[in-house]
Amino acid sequence: MLELTVEAPAKINLHLEVLGLRGDGFHELAMVMQTIDLRDELRLLPSADGAISLSCDQPGLPTDGSNLIVKAAELLKVRAALPELGARITLFKRIPVGAGLAGGSSDAAAALVGLNALWGLGFSAAELQGMAARLGSDVPFCLPGGTQLCFGRGERLEALAPAGGTSPALLLIKHAGTSVSTPWAYGRCREQRGRSYLRGEEAFERRREALRRGPLVQALRQGAALPPLRNDLQAVVEPELPSVQEGLALLRRLPGSLAVAMSGSGPSLFALFADRELALAAQADLGPELEAAGFSSWACGFRGQGVMLEP
Ligand code: C5P
(Lines give C-alpha, C1' and ligand atoms only; values in the text may rest on other atoms or scores of the structure.)
Protein backbone atom coordinates (compact mmCIF):
# COMPACT_ATOMS: atom_id res chain seq x y z
CA MET A 1 0.00 0.00 0.00
CA LEU A 2 1.23 3.50 -0.81
CA GLU A 3 2.99 5.11 2.16
CA LEU A 4 3.99 8.78 2.12
CA THR A 5 6.69 10.42 4.25
CA VAL A 6 6.67 14.16 4.98
CA GLU A 7 9.43 16.16 6.67
CA ALA A 8 8.31 18.76 9.20
CA PRO A 9 11.18 21.12 10.08
CA ALA A 10 11.38 23.48 13.06
CA LYS A 11 11.75 27.27 12.90
CA ILE A 12 13.49 29.93 14.90
CA ASN A 13 12.63 33.61 15.18
CA LEU A 14 15.33 35.99 14.01
CA HIS A 15 12.96 38.83 14.99
CA LEU A 16 9.74 38.90 17.02
CA GLU A 17 8.17 42.28 17.62
CA VAL A 18 4.81 42.65 19.36
CA LEU A 19 3.11 45.65 17.74
CA GLY A 20 -0.28 45.71 19.42
CA LEU A 21 -3.61 43.97 19.81
CA ARG A 22 -5.96 42.97 17.03
CA GLY A 23 -9.73 42.99 16.93
CA ASP A 24 -9.74 39.17 17.23
CA GLY A 25 -7.79 39.27 20.55
CA PHE A 26 -4.54 37.99 19.01
CA HIS A 27 -1.39 40.08 18.92
CA GLU A 28 -0.32 41.94 15.78
CA LEU A 29 3.26 40.82 15.10
CA ALA A 30 6.22 41.69 12.90
CA MET A 31 8.60 38.72 12.68
CA VAL A 32 11.37 37.17 10.69
CA MET A 33 11.15 33.38 10.82
CA GLN A 34 13.76 30.95 9.61
CA THR A 35 13.37 27.22 8.92
CA ILE A 36 16.14 25.05 10.39
CA ASP A 37 17.12 21.46 9.68
CA LEU A 38 15.94 19.93 12.95
CA ARG A 39 12.82 18.04 11.91
CA ASP A 40 9.99 15.69 12.75
CA GLU A 41 8.79 13.09 10.27
CA LEU A 42 5.24 11.98 9.47
CA ARG A 43 4.47 8.67 7.77
CA LEU A 44 1.02 8.40 6.24
CA LEU A 45 -0.94 5.35 5.13
CA PRO A 46 -4.42 5.57 3.61
CA SER A 47 -7.28 3.62 5.21
CA ALA A 48 -10.80 3.12 4.00
CA ASP A 49 -12.59 3.26 7.36
CA GLY A 50 -13.02 7.05 7.66
CA ALA A 51 -10.85 7.11 10.81
CA ILE A 52 -7.79 9.23 11.50
CA SER A 53 -5.40 7.44 13.84
CA LEU A 54 -2.17 8.93 15.12
CA SER A 55 0.68 7.20 16.92
CA CYS A 56 3.95 8.73 18.06
CA ASP A 57 7.37 7.37 19.02
CA GLN A 58 7.49 9.80 21.97
CA PRO A 59 5.33 8.50 24.82
CA GLY A 60 3.15 11.07 26.56
CA LEU A 61 2.47 13.24 23.53
CA PRO A 62 -1.32 13.54 23.05
CA THR A 63 -2.44 11.64 19.92
CA ASP A 64 -6.17 12.31 20.25
CA GLY A 65 -8.30 15.02 18.63
CA SER A 66 -6.37 17.70 20.53
CA ASN A 67 -3.26 17.04 18.39
CA LEU A 68 -2.91 19.57 15.55
CA ILE A 69 -2.14 16.73 13.11
CA VAL A 70 -5.57 15.19 13.76
CA LYS A 71 -7.19 18.64 13.54
CA ALA A 72 -5.48 19.22 10.17
CA ALA A 73 -6.70 15.85 8.86
CA GLU A 74 -10.27 16.48 10.02
CA LEU A 75 -10.25 19.98 8.47
CA LEU A 76 -9.13 18.56 5.10
CA LYS A 77 -11.91 15.95 5.20
CA VAL A 78 -14.53 18.62 5.92
CA ARG A 79 -13.23 20.91 3.15
CA ALA A 80 -13.19 18.01 0.69
CA ALA A 81 -16.65 16.89 1.89
CA LEU A 82 -15.36 13.31 1.94
CA PRO A 83 -16.02 11.85 5.42
CA GLU A 84 -14.99 8.37 4.25
CA LEU A 85 -11.31 9.40 3.98
CA GLY A 86 -9.09 7.74 6.55
CA ALA A 87 -5.38 7.61 7.40
CA ARG A 88 -2.96 5.96 9.78
CA ILE A 89 -0.35 8.52 10.74
CA THR A 90 2.90 7.88 12.58
CA LEU A 91 4.83 10.82 14.01
CA PHE A 92 8.55 10.54 14.67
CA LYS A 93 9.13 13.39 17.09
CA ARG A 94 12.54 15.09 17.13
CA ILE A 95 11.61 18.75 17.73
CA PRO A 96 11.21 19.47 21.46
CA VAL A 97 7.63 20.22 22.54
CA GLY A 98 6.57 23.57 24.03
CA ALA A 99 9.88 25.08 22.98
CA GLY A 100 9.02 28.01 20.67
CA LEU A 101 10.22 26.04 17.63
CA ALA A 102 6.78 25.54 15.96
CA GLY A 103 7.11 21.74 16.15
CA GLY A 104 3.35 21.16 16.50
CA SER A 105 2.61 23.76 13.82
CA SER A 106 5.07 22.17 11.38
CA ASP A 107 3.52 18.74 12.03
CA ALA A 108 0.10 20.22 11.17
CA ALA A 109 1.48 21.82 7.98
CA ALA A 110 3.07 18.47 7.04
CA ALA A 111 -0.26 16.70 7.60
CA LEU A 112 -2.01 19.20 5.27
CA VAL A 113 0.55 18.71 2.48
CA GLY A 114 0.91 14.95 2.98
CA LEU A 115 -2.79 14.10 3.21
CA ASN A 116 -3.63 16.42 0.29
CA ALA A 117 -1.25 14.25 -1.77
CA LEU A 118 -2.18 10.89 -0.18
CA TRP A 119 -5.91 11.41 -0.75
CA GLY A 120 -5.42 13.07 -4.17
CA LEU A 121 -7.49 16.11 -3.13
CA GLY A 122 -5.72 18.64 -5.35
CA PHE A 123 -6.10 21.63 -3.00
CA SER A 124 -3.90 24.54 -4.19
CA ALA A 125 -1.08 26.05 -2.13
CA ALA A 126 -3.35 29.08 -1.46
CA GLU A 127 -6.19 26.83 -0.24
CA LEU A 128 -3.80 24.97 2.07
CA GLN A 129 -2.53 28.33 3.40
CA GLY A 130 -6.14 29.27 4.29
CA MET A 131 -6.61 26.00 6.20
CA ALA A 132 -3.21 26.43 7.88
CA ALA A 133 -4.23 29.84 9.28
CA ARG A 134 -7.29 28.25 10.90
CA LEU A 135 -5.12 25.69 12.68
CA GLY A 136 -2.63 28.09 14.32
CA SER A 137 -0.65 31.30 13.88
CA ASP A 138 2.66 29.61 12.91
CA VAL A 139 1.19 26.93 10.61
CA PRO A 140 1.06 29.13 7.43
CA PHE A 141 4.80 29.90 7.71
CA CYS A 142 5.65 26.21 8.06
CA LEU A 143 4.22 25.41 4.59
CA PRO A 144 6.70 27.39 2.43
CA GLY A 145 9.23 27.99 5.23
CA GLY A 146 12.70 29.27 4.36
CA THR A 147 13.29 32.87 5.42
CA GLN A 148 10.07 34.90 5.67
CA LEU A 149 8.83 38.16 7.07
CA CYS A 150 5.61 37.25 8.92
CA PHE A 151 2.98 39.85 9.78
CA GLY A 152 -0.58 39.84 11.13
CA ARG A 153 -0.89 36.90 13.58
CA GLY A 154 2.01 35.38 11.62
CA GLU A 155 0.02 34.35 8.54
CA ARG A 156 0.89 37.29 6.24
CA LEU A 157 4.09 36.08 4.61
CA GLU A 158 6.68 37.96 2.54
CA ALA A 159 9.48 35.68 1.32
CA LEU A 160 12.97 36.97 1.81
CA ALA A 161 15.67 35.74 -0.54
CA PRO A 162 18.79 35.29 1.59
CA ALA A 163 22.26 36.00 0.23
CA GLY A 164 23.98 33.22 -1.72
CA GLY A 165 27.04 31.48 -0.32
CA THR A 166 27.27 29.80 3.07
CA SER A 167 24.19 30.36 5.19
CA PRO A 168 24.52 30.81 8.95
CA ALA A 169 24.17 27.87 11.32
CA LEU A 170 23.15 27.69 14.96
CA LEU A 171 23.69 26.01 18.25
CA LEU A 172 20.18 25.46 19.62
CA ILE A 173 19.58 24.58 23.27
CA LYS A 174 16.51 23.68 25.31
CA HIS A 175 16.34 23.04 29.04
CA ALA A 176 14.84 19.58 29.52
CA GLY A 177 12.64 20.49 32.48
CA THR A 178 11.24 23.75 31.11
CA SER A 179 8.48 24.52 28.64
CA VAL A 180 6.54 27.73 28.03
CA SER A 181 2.85 28.09 27.23
CA THR A 182 2.43 30.52 24.34
CA PRO A 183 -0.86 32.03 25.67
CA TRP A 184 0.89 32.63 29.03
CA ALA A 185 3.78 34.49 27.35
CA TYR A 186 1.47 36.71 25.29
CA GLY A 187 -0.74 37.28 28.34
CA ARG A 188 2.25 38.45 30.41
CA CYS A 189 3.39 40.68 27.54
CA ARG A 190 -0.04 42.33 27.46
CA GLU A 191 -0.02 42.85 31.25
CA GLN A 192 3.40 44.45 31.15
CA ARG A 193 3.32 46.40 27.90
CA GLY A 194 -0.34 46.63 26.89
CA ARG A 195 -0.61 50.33 27.74
CA SER A 196 2.18 51.23 25.31
CA TYR A 197 1.01 48.96 22.44
CA LEU A 198 0.68 50.67 19.06
CA ARG A 199 -2.86 51.24 17.85
CA GLY A 200 -4.23 51.25 14.31
CA GLU A 201 -3.21 49.94 10.93
CA GLU A 202 -1.15 53.01 10.03
CA ALA A 203 1.12 52.64 13.06
CA PHE A 204 1.45 48.87 12.42
CA GLU A 205 2.40 49.46 8.78
CA ARG A 206 5.11 51.94 9.75
CA ARG A 207 6.77 49.25 11.91
CA ARG A 208 6.42 46.62 9.15
CA GLU A 209 8.13 48.99 6.74
CA ALA A 210 10.87 49.70 9.29
CA LEU A 211 11.53 45.95 9.53
CA ARG A 212 11.53 45.51 5.71
CA ARG A 213 14.07 48.32 5.34
CA GLY A 214 15.97 47.69 8.57
CA PRO A 215 19.45 46.31 9.27
CA LEU A 216 18.40 42.68 9.95
CA VAL A 217 16.65 42.23 6.60
CA GLN A 218 19.48 44.01 4.76
CA ALA A 219 22.05 41.80 6.52
CA LEU A 220 20.14 38.61 5.59
CA ARG A 221 19.78 39.75 1.95
CA GLN A 222 23.44 40.70 1.61
CA GLY A 223 25.06 38.12 3.89
CA ALA A 224 26.44 41.01 5.99
CA ALA A 225 27.08 41.13 9.77
CA LEU A 226 23.88 40.63 11.76
CA PRO A 227 22.64 43.33 14.15
CA PRO A 228 21.54 42.27 17.68
CA LEU A 229 18.33 40.23 17.41
CA ARG A 230 15.03 41.39 18.94
CA ASN A 231 12.45 39.14 20.56
CA ASP A 232 9.88 41.05 22.64
CA LEU A 233 8.73 37.84 24.35
CA GLN A 234 12.28 37.25 25.62
CA ALA A 235 11.91 40.37 27.80
CA VAL A 236 8.79 38.74 29.33
CA VAL A 237 10.06 35.16 29.70
CA GLU A 238 13.72 35.71 30.70
CA PRO A 239 13.07 37.37 34.10
CA GLU A 240 10.63 34.56 35.06
CA LEU A 241 12.73 31.53 34.13
CA PRO A 242 16.16 31.04 35.73
CA SER A 243 16.99 28.29 33.19
CA VAL A 244 16.55 30.80 30.35
CA GLN A 245 18.88 33.25 32.13
CA GLU A 246 21.42 30.49 32.64
CA GLY A 247 21.20 29.26 29.04
CA LEU A 248 21.62 32.77 27.62
CA ALA A 249 24.65 33.36 29.86
CA LEU A 250 26.25 30.11 28.63
CA LEU A 251 25.62 30.94 24.96
CA ARG A 252 26.90 34.51 25.35
CA ARG A 253 30.26 33.15 26.52
CA LEU A 254 30.85 31.42 23.17
CA PRO A 255 33.54 33.11 21.12
CA GLY A 256 32.68 33.78 17.46
CA SER A 257 28.89 33.76 17.83
CA LEU A 258 27.09 36.33 15.65
CA ALA A 259 24.01 36.74 17.86
CA VAL A 260 22.22 35.06 20.79
CA ALA A 261 18.43 35.04 21.32
CA MET A 262 15.34 33.13 22.45
CA SER A 263 13.06 31.61 19.79
CA GLY A 264 9.33 32.45 19.79
CA SER A 265 7.82 32.28 23.26
CA GLY A 266 10.75 30.14 24.40
CA PRO A 267 12.30 28.52 26.24
CA SER A 268 14.60 27.34 23.43
CA LEU A 269 17.64 29.55 22.86
CA PHE A 270 20.19 29.79 20.09
CA ALA A 271 23.54 31.25 19.12
CA LEU A 272 24.19 31.93 15.42
CA PHE A 273 27.49 31.17 13.73
CA ALA A 274 28.92 31.83 10.26
CA ASP A 275 28.79 28.13 9.33
CA ARG A 276 27.98 24.65 10.58
CA GLU A 277 31.59 23.78 11.53
CA LEU A 278 31.65 26.69 13.97
CA ALA A 279 28.27 25.65 15.42
CA LEU A 280 29.53 22.06 15.85
CA ALA A 281 32.75 23.33 17.50
CA ALA A 282 30.68 25.48 19.90
CA GLN A 283 28.53 22.45 20.76
CA ALA A 284 31.64 20.39 21.48
CA ASP A 285 33.14 23.22 23.60
CA LEU A 286 30.05 23.88 25.66
CA GLY A 287 28.67 20.31 25.66
CA PRO A 288 29.68 19.21 29.17
CA GLU A 289 28.47 22.45 30.79
CA LEU A 290 25.19 22.35 28.87
CA GLU A 291 24.60 18.77 29.90
CA ALA A 292 25.45 19.47 33.54
CA ALA A 293 22.95 22.35 33.55
CA GLY A 294 20.19 20.16 32.05
CA PHE A 295 20.20 21.44 28.46
CA SER A 296 19.83 19.38 25.29
CA SER A 297 21.66 20.84 22.31
CA TRP A 298 21.58 20.60 18.51
CA ALA A 299 23.96 22.04 15.90
CA CYS A 300 21.70 22.94 12.97
CA GLY A 301 21.81 24.67 9.61
CA PHE A 302 19.34 27.09 8.04
CA ARG A 303 17.03 25.42 5.54
CA GLY A 304 15.46 27.11 2.50
CA GLN A 305 12.17 25.21 2.56
CA GLY A 306 9.41 24.23 4.97
CA VAL A 307 7.48 20.96 4.91
CA MET A 308 8.51 18.59 2.16
CA LEU A 309 7.15 15.33 0.73
CA GLU A 310 9.90 12.75 0.47
CA PRO A 311 10.25 11.48 -3.10
O1 C5P B 1 -2.33 30.56 17.04
P2 C5P B 1 -1.74 29.78 18.17
O3 C5P B 1 -2.58 28.60 18.55
O4 C5P B 1 -0.32 29.44 17.99
O5 C5P B 1 -1.78 30.78 19.42
C6 C5P B 1 -1.69 30.34 20.74
C7 C5P B 1 -2.02 31.49 21.65
O8 C5P B 1 -0.96 32.45 21.62
C9 C5P B 1 -3.26 32.28 21.29
O10 C5P B 1 -4.41 31.69 21.86
C11 C5P B 1 -2.94 33.63 21.91
O12 C5P B 1 -3.16 33.60 23.30
C13 C5P B 1 -1.45 33.76 21.70
N14 C5P B 1 -1.12 34.48 20.43
C15 C5P B 1 -1.35 35.84 20.34
N16 C5P B 1 -1.05 36.49 19.18
C17 C5P B 1 -0.50 35.83 18.14
C18 C5P B 1 -0.23 34.45 18.23
C19 C5P B 1 -0.55 33.80 19.40
O20 C5P B 1 -1.83 36.48 21.28
N21 C5P B 1 -0.21 36.50 17.03
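Modeller: The account below treats the ligand site.

This is a predicted model, in which local features need pLDDT of at least 70 and side-chain atom pairs count only at pLDDT 80 or more, while totals for chains, interfaces and linings use all residues. Residues are numbered from 1 along each chain as its sequence is written, and side-chain values use heavy atoms, with hydrogens and water left out.

Around the ligand are F26, H27, L29, G136, S137, R153, T182, P183 and Y186 (a residue is near a molecule if one of its heavy atoms lies within 4 Å of it). By class, this shell has four nonpolar, four polar and one charged residues (Ala, Val, Leu, Ile, Met, Phe, Trp, Tyr, Cys and Pro count as nonpolar, Asp, Glu, Lys and Arg as charged, and the others, Gly among them, as polar).

Polar contacts are pairs of N or O atoms within 3.5 Å. An oxygen atom of the ligand lies 2.6 Å from an N or O atom in the side chain of S137. A polar backbone atom of H27 is 2.8 Å from a nitrogen atom of the ligand, and a backbone N or O atom of R153 is 3.3 Å from a ligand nitrogen atom. The protein buries 73% of the 450 Å² that the ligand exposes when taken alone (accessible areas from the Shrake-Rupley method with a 1.4 Å probe).

Strand 2 (27-47) and helix 5 (182-193) are the elements that give two or more residues to the shell (helices, H or I of at least four residues, and strands, E of at least two, are DSSP runs numbered from the N terminus). Helix 5 provides the largest share, three residues. At least three shell residues come from each of domain 1 (4-160) and domain 2 (169-301), with bounds from an automatic or database domain assignment.

How values were computed: Polar contact = N/O pair within 3.5 Å; in protein donor to acceptor, adjacent residues only side chain to side chain.
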